[in-house]
Amino acid sequence: MARVDVLMPQMGESIAEGTLSKWLKKVGDPVKRDEPLFEISTDKVDAEIPAPAAGVLAEIKVQEGQTVPVQTLVAILETEKGAAAPAPTKPEPPKAAAPVPAPRAPAPKPEPPALRPEPPVPVRSGDGGVQTAEQRLRTKSTPLVRKIAAEHSVDISRIPGSGYAGRVTKQDILGYIERAPAAPAAPAAPAAPGPRPQAPGSIVVQHPAVEPWPGDRVEPWSKIRKITADHMVMSKRVSAHVASFFEVDFTRVAQLRAKATEKATFLAYIVKACAVNLRKHPVVNAAVSGDSTIYRADVNIGVAVALDWGLIVPVIKHADELSVMGIARAISDLGERARTKKLLPDDIQRGTFTITNPGGFGPFAGIPIINQPQVAILGVGAIEKRPKVVTAADGTDSIAIRTMGMLTMSYDHRVVDGADADRFLADVKQLLQEFPEGAV
């Protein structure tokens, strides 16, 4: 028999650790190569991790719920001699991501060698002092940890790290902030005049505790539910939310769908209409950075997917360059991989505008929360046949049955004025009601 080490994989360049959320096999179970072995959760994505070789699960080193650095030994497989795949010296992208179309979702690169142990070679710090490699690793934490530290004016080097080589993890810094006295935070305001830049995702959210009553069932949040909750509360605090409602006649789109041999959903047409008009209205395709506006060069539209364990927003890259059918295929592919936990971190990053489709569950309309650091999000209500007053060419009115739906857009009033939002929605509405057949 030969031994194969199973390591915590690298799920993106900025990911330093992962939580082993569920074992899919037990000790003693036979395992096929590329068969899902366990599930992990990171700050960016949940995924199933496949077995690197065929064999038997001989030993489990990391239990469910534990958070460990990448490259940590999580299990040992025993295989027949000659059948074992050599253990990689660096973490590689999990095989579970194989269905990803190469042009749109490149596999994540391995973590730079900074995460591997280094000899304690002294280097000069910014203030003239000397730092060892271990000290540099501690201060080079993940972007999320650095954002939290900046938001709370915390020196990362003073925090005892529990991560790889003393690296400070998210849990370390949150625990440090909770234990730190609240009084010193007051003088931070006058330290620098003018508005302080916001760091989206950096606000630590304290959710009030509520006493359960007898007979109640208490279910701890999953990692993705916790991230979503924090992100939504933070977004309401950061952005000045305003909403506009537009009723749209989808009869033209319904006619195109009826004639098409390959069907696209109403959502695909809506994504296309938004993508075309985001080019015409760049302020809606923007982000806020401190007291500046970033006008994005790309049009990357995120489409929210409701999962049994939470909500995730995969992103259609360069949506303005795709046809309606191309968008429909992208929505189907990303949605399926989200439900089967085969998304890569790149699939949920670099969005510039988001669309959520609660109408699939029946509501007439809703007011969504902006997906930071974007400045607008579109909500799609139920699309169904309703009576509508129609004006003929001669000016006479009649009541007809039309396919109608409501579009709601929440936008950040810090940079998007009501006129900007309404002009964008008016153009989206016009395109949907007069959709050219060749655009499909």
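Q: Where is the place of proline 373?
A: In this predicted model, proline 373 has its place in the loop between strand E18 (353-356) and strand E19 (376-380).

Q: What joins glutamine 372 and proline 373?
A: The two are joined by a cis peptide bond, with omega at about 0 degrees.

Q: How many helices and strands does the protein chain have?
A: The protein chain has eight helices and 21 strands. Of its 440 residues, 43% are buried, and the chain exposes about 22400 Å², of which carbon and sulfur atoms supply 55%.

Q: What makes H7 mostly covered?
A: A residue is called buried when its relative accessible area is under 20%, and twelve of the 16 residues of H7 are buried. Among them are Val324, Met325, Ile327, Ile331, Leu334 and Arg337.

Q: Which elements do the buried residues of H7 pack against?
A: They pack against helix H6 (266-280), and also against strand E15 (305-307), strand E16 (310-312) and strand E17 (315-316).

Q: Which residue takes a positive phi just after H7?
A: Lysine 341 does, with a phi of about 60 degrees. Histidine 318, whose place is in the loop between E17 and H7, also has a positive phi, near 50 degrees, although it is a residue other than glycine.

Q: Why is histidine 318 called partly exposed?
A: The term covers values between the cut-off for buried, under 20%, and the cut-off for exposed, over 50%. Histidine 318 has 33% relative accessibility, and therefore it counts as partly exposed.

Q: What is the phi of aspartate 34, and why is this residue called partly exposed?
A: Aspartate 34 is not a glycine, yet its phi is positive, at about 70 degrees. This residue lies in the loop between strand E3 (30-31) and E4. Its relative accessible area is 39%, so aspartate 34 is partly exposed.

Q: Why is arginine 386 called buried?
A: Buried means under 20% relative accessible area; arginine 386 has 12% relative accessibility, and so it counts as buried. Arginine 386 is found in strand E20 (residues 384-391), and, not counting residues up to four places away in sequence, it touches Glu247, Phe364, Ala400, Ile401, Arg402, Met404 and Gly405.

Q: What makes the pair of arginine 386 and glutamate 384 a polar contact?
A: The term asks for a pair of N or O atoms within 3.5 Å, one able to donate a hydrogen and the other to accept it. The side chains of arginine 386 and glutamate 384 make such a contact at 3.4 Å.

Q: In what order do the strands E5, E4, E2 and E7 form an open sheet?
A: The order is E5-E4-E2-E7, and the pairing is antiparallel. Strand E5 (46-50) and strand E7 (67-69) stand at the edges with a single partner strand each, so one side of each has no neighbour in the sheet. From one strand to the next, the twist averages 40 degrees.

Q: How do you know that strand E2 and strand E4 pair?
A: Two strands pair if there are at least two bridges between them, and four bridges join strand E2 (residues 17-23) to strand E4 (residues 36-41), which run antiparallel. Leucine 20 stands opposite isoleucine 40 in E4.

Q: Why is valine 68 called buried?
A: The relative accessible area of valine 68 is 9%, and therefore this residue is buried. Its place is in strand E7, and, leaving aside neighbours within four places in sequence, valine 68 is in contact with Met8, Glu17, Gly18 and Val62. Valine 68 and leucine 20 are 48 residues apart along the chain, while their C-alpha atoms are separated by 8.0 Å.

Note on methods: Residues numbered from 1 in each chain as written. Predicted model: local features only at pLDDT ≥ 70, side-chain atom pairs only at ≥ 80, totals over all residues. Heavy atoms only, no water. Buried < 20%, exposed > 50% of the residue type's maximum accessible area, 1.4 Å probe, protein only. Helix = DSSP H or I, 4+ residues; strand = E, 2+ residues; numbered from the N terminus. Contact = heavy atoms within 4.5 Å. Axes fitted to C-alpha atoms, helices over the stretch in contact; angles between N-to-C directions. Areas by Shrake-Rupley, 256 points an atom, 1.4 Å probe, with all protein chains shown as cover.
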